[in-house]
Amino acid sequence: MIVMKFGGTSVEDATAIERVAEIVRSRAAEDPVVVVSALAGVTDQLLAAGQAAASGDRDRALERAQVLRQRHLCTASELLPSAPFGKVKPALESSFDLLQELLTGVATLRELSPRSTDCLLSFGELVSSDIVSAALAARGLAGERVDARECLITDASHTKAAPLFDETRARLEARVRPLVERHSIPVMGGFIGATLDGIPTTIGRGGSDYSASIVGAAMEAERIEIWTDVPGMMTTDPNLCSEARLIQEISFEEAAELASFGAKVLHPATLLPAIEKNIPVYVLNSRDPAGAGTCIRAHVPRNHYPVRAIAAKRNSTIVNVAGERGEIPRGFLREVLAVFDRHECQVDIVASSQVRISLAVESGSVAPELLADLERLAEVSCEPRQAIVSVVGENLRGRQGIAASVFGSVAAAGVNVRMISQGASEITINFVIQEEDVPAAVRRLHSDLFADAKAEEDWRWLPSGVRLPQPAPATDTDESNEVNAHGPEI
Ligand code: ADP
Ligand code: ASP
Ligand code: MG
């Protein structure tokens with residue numbers, strides 16, 4: 001069997017869902033399990049409705065829910081002949097009735113807890129899986145809706161719940177495996193799950209990719225396909241840099257680094273279950289199903305480009321913690337990290353000097369309580385609106401001159417670097433810049449690192465004309481250590 005995940009833009013309207021049905025048909029013989037996101041924009045709209053309700057604006061919240069009801073009913077009626085529409089309509093209506101009840105409750109209490117947020121957001125994927133399964137069935141494909149809340153079992157950390165893998169595997173074996181064995185096509189919502197007590201949870205924004213990979217690993221799929229709105233994983237975000245090119249093959253390690261450092265095309269945790277079971281993951285374009293896409297697997301041949309890709313993670317804050325009396329006492333770093341850990345704030349980069357420690361973290365995770373705890377230890381200051389840029393590639397291992405090249409490019413773009421980290425992962429150079437500098441830095445880096453002519457002779461990708469000795473030719477497992485033909489793919 002295989003897992004096919006379709007993101008929000010791939011199921012945004014009736015035309016997109018028609019395309020999904022044809023893509024699923026093309027793989028029907030491989031026993032697909034389909035995982036779908038909410039229709040594009042719906043999760044944000046549900047959140048906005050919840051926030052309106054929590055602020056006491058019940059009418060606006062219910063209006064928003066009504067707009068969503070209409071959009072889903074219209075999409076379903078465009079996709080389905082009248083008999084199957086008549087079957088799915090009551091399910092949709094009853095979901096939206098429940099949603100309106102929930103919003104009314106939130107407006108009464110003026111409280112939107114993480115637990116209610118999860119219940120609210122779960123509607124997006126519940127109704128999209130209703131519609132997609134019915135659309136498949138109406139096209140002669142044996143689509144069967146599966147309630148993800150009965151299969152993906154998590155802990156109770158609402159809005160960022162962690163899967164309970166053993167229980168999830170058992171549920172999938174009990175509920176999904178029998179459908180696959182009789183060649184039905186299970187369709188389930190991504191992103192959502194439930195606790196052992198059946199309370200709805202979500203596994204973090206963008207989490208449908210992760211759901212697909214959890215299902216793929218638990219059911220030992222032959223491959224996991226992530227269908228999205230770009231040709232595959234690209235050398236950088238194509239929405240940031242029009243010269244971004246498709247990467248045909250990339251290693252698990254490289255892709256996982258990119259996903260953790262801002263390549264939104266994959267949820268950061270997506271590759272972990274796939275790596276554990278060594279299942280290849282493909283990123284494919286639902287608007288161009290014949291396209292090659294990107295294959296992510298354990299080992300891929302190197303090419304002559306110095307890096308595989310560049311990612312940028314915005315919404316970062318640098319937290320500076322200064323030691324008292326102008327120095328850092330022994331054990332101080334441990335104490336500081338323990339505070340971040342206690343507040344479940346993930347630290348992306350750490351730099352320390354004689355007098356202070358700087359930590360780059362996600363802005364959303366810098367809670368006032370965390371800062372208050374740090375202030376008990378030392379003087380604290382924050383620099384918001386920062387971004388982490390990551391340059392990633394197996395070719396960085398031991399590569400002489402690469403740091404000079406990267407920082408030469410950034411300097412040439414007129415961008416100041418605030419923090420640097422290299423070596424923690426041998427395949428990544430990370431640095432922090434102001435958020436507003438991201439486009440200039442990434443475009444310049446991309447044009448310096450991926451110019452075809454520059455790949456041919458190693459020294460030529462140095463931006464400032466600096467010539468360094470040629471590195472020794474690669475002698476490892478390289479079977480095809482050759483420059484790819486010029487063109488849009490590398
Ligand atoms: P979906 O709704 O299908 O899950 P997302 O919006 O979550 O899609 O992810 C796709 C988006 O990821 C693209 O539109 C693109 O802007 C962004 N992206 C960021 N970095 C990359 C990259 N290296 N390669 C491809 N897309 C990227
Ligand atoms: N619908 C969810 C979100 O927008 C999950 C996903 O699309 O992956 O975050
Ligand atoms: Mg996504």
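This is a predicted model: local features need pLDDT of at least 70, side-chain atom pairs count only at pLDDT 80 or more; totals for chains, interfaces and linings use all residues.
The surroundings of ligand 1 are considered at the outset. This ligand has 17 residues around it, and those that come nearest are Thr-228, Met-234, Asp-237, Asn-239 and Lys-264. When the residues of this shell are sorted by class, 7 are nonpolar, 6 are polar and 4 are charged. An N or O atom in the side chain of Lys-5 is placed 3.1 Å from an oxygen atom of ligand 1, and a polar atom in the side chain of Asp-229 is found 3.0 Å from an oxygen atom of the ligand. In the case of Met-234, by contrast, it is a polar backbone atom that takes part, at 2.9 Å from a nitrogen atom of ligand 1. On its own, ligand 1 has 570 Å² of accessible area, of which the protein covers 88%.

Ligand 2 is surrounded by Ser-37, Thr-43, Glu-125 and Phe-191, together with the run of Arg-205, Gly-206, Gly-207 and Ser-208. The shell around this ligand is made up of 1 nonpolar, 5 polar and 2 charged residues. For Gly-206, a backbone N or O atom lies 2.8 Å from an oxygen atom of ligand 2, while for Gly-207 the corresponding distance from a backbone N or O atom to a ligand oxygen is 3.4 Å. Ser-208 likewise places a backbone N or O atom 3.0 Å from an oxygen atom of ligand 2. Ligand 2 exposes 260 Å² when it is taken alone, and the protein buries 85% of that area.

Attention now turns to charged side chains that pair with one another. Across the whole structure, a search finds 33 salt bridges. In one of them, the side chains of Arg-139 and Glu-18 meet with an N to O distance of 3.2 Å. Because Arg-139 lies in the loop between α5 (114-138) and β3 (143-146), whereas Glu-18 belongs to helix α1 (residues 14-26), this pair ties together parts of the protein that are 121 residues apart in sequence. With a relative accessible area of 17%, Arg-139 is buried, whereas Glu-18, at 33% relative accessibility, counts as partly exposed.

Another salt bridge joins the side chains of Arg-60 and Asp-57, again with an N to O distance of 3.2 Å. Here Arg-60 is partly exposed at 39% relative accessibility, and Asp-57 is also partly exposed, with a relative accessible area of 31%. A further salt bridge is formed by the side chains of Glu-93 and Lys-89, with 3.6 Å from N to O. These residues are 4 residues apart in helix α4 (residues 82-109), so that about one helical turn separates them. Glu-93 has a relative accessible area of 22% and is partly exposed, as is Lys-89, for which the value is 33%. Elsewhere, salt bridges with shared partners connect Arg-27, Glu-30, Arg-223 and Glu-225 into one network.

The side chain of Asp-448 is joined to the side chain of Ser-409 by a polar contact of 2.6 Å. Arg-308 is situated in the loop between β10 (294-297) and β11 (309-322), and this residue is buried as well, with a relative accessible area of 7%. A polar contact of 2.9 Å links the side chain of Arg-308 with the side chain of Glu-254.

On the surface, a nonpolar patch is formed by Leu-333, Leu-337 and Val-350, which together have about 200 Å² of accessible area. Leu-337, one of the members of this patch, is part of helix α11 (residues 332-342). At 32% relative accessibility, Leu-337 counts as partly exposed.

Methods
Residues are numbered from 1 along each chain as its sequence is written. Chains are lettered from A and ligands numbered from 1 in the order in which they are written. Side-chain values use heavy atoms; hydrogens and water are left out. Patches are made of residues with over 30% relative accessible area and no salt bridge: like charges are joined within 9 Å, nonpolar side chains (Val, Leu, Ile, Met, Phe, Trp, Tyr) within 5 Å. Accessible areas come from the Shrake-Rupley method with a 1.4 Å probe; for residues, only the protein chains shown count as cover. A salt bridge is a side-chain nitrogen of Lys or Arg within 4 Å of a carboxyl oxygen of Asp or Glu. Helices (H or I, at least four residues) and strands (E, at least two) are DSSP runs, numbered from the N terminus. Buried means under 20% relative accessible area, exposed over 50%, partly exposed in between (1.4 Å probe, protein chains only). A residue is near a molecule or strand if one of its heavy atoms lies within 4 Å of it. A polar contact is a pair of N or O atoms within 3.5 Å; within protein, one must be able to donate a hydrogen and the other to accept it, and residues adjacent in sequence count only if both atoms are side-chain atoms. Ala, Val, Leu, Ile, Met, Phe, Trp, Tyr, Cys and Pro count as nonpolar, Asp, Glu, Lys and Arg as charged, and the others, Gly among them, as polar.
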